[in-house]
Amino acid sequence: AEEGECVRKKSFVVLLAACILLLAACAGLAASASMPEADEVYEEPVYVFEQTRAQEEYPAGGGTVGARYSCQLLMLTVSNQDRLSPEDGTAAAQAAENFNSKMHSLMIDAVGAGKTMSELAEEVESAAGAYYDETEAGYVQNGQIVSVRVDNISYTGGAHPNRYVVSYLFDLEAGQFIDPLQLADDPETLRTGAAARLLEKAEEHPAFDSFWQDYPDLIARWNEGSVLFDGAGMKVIYSPYEIAPYGMGEVELSLDWEELEPLLGPEGMERLGQAEAK
């Protein structure tokens, strides 16, 4: 009897030990399922710019088109949002929201201009042609900086249509739109240095004799206008009537990377993807 009791006690101990091991294993599996792998590798954000468009036509008398508008802008998305670290994911989502908010605002303005034209459509005479408002955006990315150029042309009667260019610089790292001076290691060095070089370029421009008398003041405030960066360097664009008569068209003044390097500084050049530029 005592021998049988001993066997039963040993069996119980073995069974108890097996249960403890099984519970420990299950707990380990649950923990590993809920915790990320220690060697998990996150990706860097991949930003994608896509076109978005709105357009409409408004009829005039006689079945003709009295007015029309079209607006093509950009929307920013993050193609690998689900493969970013929590911190990067939050920052990338905020960057996209900031960019798209500006584009949405521009779209609302364009649609509003189109609706205003629709109210005039009945007054348009066939000989004058339809009123129209066209907006189109494009972009160039240099390093972490995206240069967005928005061109607008509109006609609401008169001898010719009106046209203008506006620009926006978006810093993908900061997740916001910036002033050109924010790119430089020393903003004042960029402001004054670029103004001096652009003034020289203005006086060499083929249309210089037609420039308004206050052109030096306009160039001194170059960073408040349309400023873009492309593969060649920085471009400042003056729309018709800004610095010269309409007939002169757009006036572009440019500085190449070699001229910009001492004005931007090493970190500024790096922000624009030109760390190796000489």
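Predicted model: local features only at pLDDT ≥ 70, side-chain atom pairs only at ≥ 80, totals over all residues.
## Salt bridges around R271

Across the whole structure, a search finds 15 salt bridges. In one of them the side chains of R271 and D185 meet, with an N to O distance of 3.6 Å. R271 belongs to helix α5 (residues 257-271), whereas D185 sits in the loop between β6 (176-178) and α3 (187-203), so this pair ties together parts that are 86 residues apart in sequence. D185 is partly exposed, its relative accessible area being 37%.

R271 also forms a salt bridge with E267, whose closest N and O atoms are 3.5 Å apart. Both residues lie in helix α5, 4 residues apart, which is about one turn of the helix. E267 counts as partly exposed, at 49% relative accessibility. Elsewhere, salt bridges with shared partners join R149, D151, D230, K235, E250 and E252 into one network.

## A pair within helix α3

The side chains of E200 and R197 meet in a salt bridge at 2.1 Å, N to O, and the two residues are 3 apart in helix α3, about one turn of the helix. E200 is partly exposed at 39% relative accessible area, and R197 is likewise partly exposed, at 26% relative accessibility.

## Strands β7 and β8

Strand β7 (residues 226-230) is mostly covered, with 4 of its 5 residues buried. With strand β8 (residues 233-238), β7 pairs in the antiparallel sense over 5 bridges, and a hairpin of 2 residues joins β7 to β8. S226 has I237 of β8 as its bridge partner.

## Loop residue E40

E40 is placed in the loop between α1 (2-34) and β1 (47-59) and counts as partly exposed, at 42% relative accessibility. Although E40 and S85 are 45 residues apart along the chain, their C-alpha atoms are separated by 9.9 Å.

Terms used:
Residues numbered from 1 in each chain as written. Heavy atoms only, no water. Buried < 20%, exposed > 50% of the residue type's maximum accessible area, 1.4 Å probe, protein only. Pairing = 2+ DSSP bridges. Salt bridge = Lys/Arg side-chain N within 4 Å of Asp/Glu carboxyl O.
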